[in-house]
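Thanks for passing this one along. Please have the sequence and the 3D view open while you read my comments.

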Amino acid sequence: MSININGKNDINGRYKMPKVKISLAGKGNGKFTMIRNLEDVSKSIGHPFKILLKFIGISLNCNSNDEKMCMTGHYTEEEIQSKINLYNKLYVLCPTCNLPELTPEIIGKKKKKSINVKCSACGATNKLCDDNKDFDKGLKILINYIEKNGWSVVKGTMVETTKQSNNPFAKVF
């Protein structure tokens, strides 16, 4: 089943993501929650699954494991889906037009780094900022990932790249 990325009704159905599916395992101190379709969800929003998983872990105050795509503790699908919706609101959707067509640019130096985003749908340029307590930690993860791995923009969404992109039209950050 697919749901809208922006959480509202999209008449044209252009921006969809699969609903999160989880598996609960372990008991006692060894409890963990595996997100079975995290790669599909992250691919649909155009962000790497490692960043999304770390953000979910930070928001739920738990440890996350990239290789197993799991987090310590048992959580419901609704809890995890709400954290993914929060991530979309903070980092994926344009604050002006509410569409996921953002192109990031890191600004500032050292500890005063931030991300400016330009929307390819409406043309607005905004600085990512929010009063949410998890926003700053998520922003640091996003900045570190962009600096270390580089992202390219393909059809308005961000895609993880290697140092040399196969797409000659992709803009590498």
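Here are my points, taken one element at a time.

1. A word on the source before anything else: this is a predicted model. Please read every value below as computed from that model.

2. Let me begin with helix H2, which spans residues 49–59. Most of this helix is covered, with 8 of its 11 residues buried. Which residues of H2 are the buried ones? They are Phe-49, Ile-51, Leu-52, Leu-53, Phe-55, Ile-56, Gly-57 and Ser-59. As a reminder, buried here means under 20% relative accessible area.

3. Just after H2 comes a residue worth a look in your viewer: Asn-61 has a positive phi of about 55°, although Asn-61 is not a glycine. Asn-61 sits in the loop between H2 and strand S5 (64–65). Is Asn-61 buried or exposed? Its relative accessibility is 67%, so Asn-61 counts as exposed.

4. A positive phi also turns up at Lys-110, at about 50°, and Lys-110 is not a glycine either. You will find Lys-110 in the loop between S7 and S8. Lys-110 counts as exposed because its relative accessibility is 76%.

5. Now to charge pairing. Side chains of opposite charge can pair when their charged atoms come close. How many salt bridges does the model have? The count comes to 1 salt bridge. The partners are Glu-147 and Lys-113, and their closest N and O atoms are 2.3 Å apart. Glu-147 belongs to helix H4, whereas Lys-113 is in the loop between strand S7 (102–107) and strand S8 (114–119), so this pair ties together parts that are 34 residues apart in sequence.

6. How covered are the two partners? Glu-147 is partly exposed, with a relative accessible area of 41%. Lys-113 also counts as partly exposed, with 28% relative accessibility. For both, the class follows because partly exposed takes in the range between buried, under 20%, and exposed, over 50%.

7. Finally, please turn the model to see the positive surface patch. Which residues form this patch? Lys-111, Lys-133, Lys-137 and Lys-140 do. One of them, Lys-137, is placed in helix H4, residues 135–149.

Terms used: Residues numbered from 1 in each chain as written. Predicted model: local features only at pLDDT ≥ 70, side-chain atom pairs only at ≥ 80, totals over all residues. Heavy atoms only, no water. Patch = residues over 30% accessible without salt bridge, like charges linked within 9 Å, V, L, I, M, F, W, Y side chains within 5 Å. Areas by Shrake-Rupley, 256 points an atom, 1.4 Å probe, with all protein chains shown as cover. Salt bridge = Lys/Arg side-chain N within 4 Å of Asp/Glu carboxyl O. Lys, Arg positive; Asp, Glu negative; His and termini not counted. Charge placed at Lys NZ, Arg CZ, Asp CG, Glu CD. Helix = DSSP H or I, 4+ residues; strand = E, 2+ residues; numbered from the N terminus. Buried < 20%, exposed > 50% of the residue type's maximum accessible area, 1.4 Å probe, protein only.
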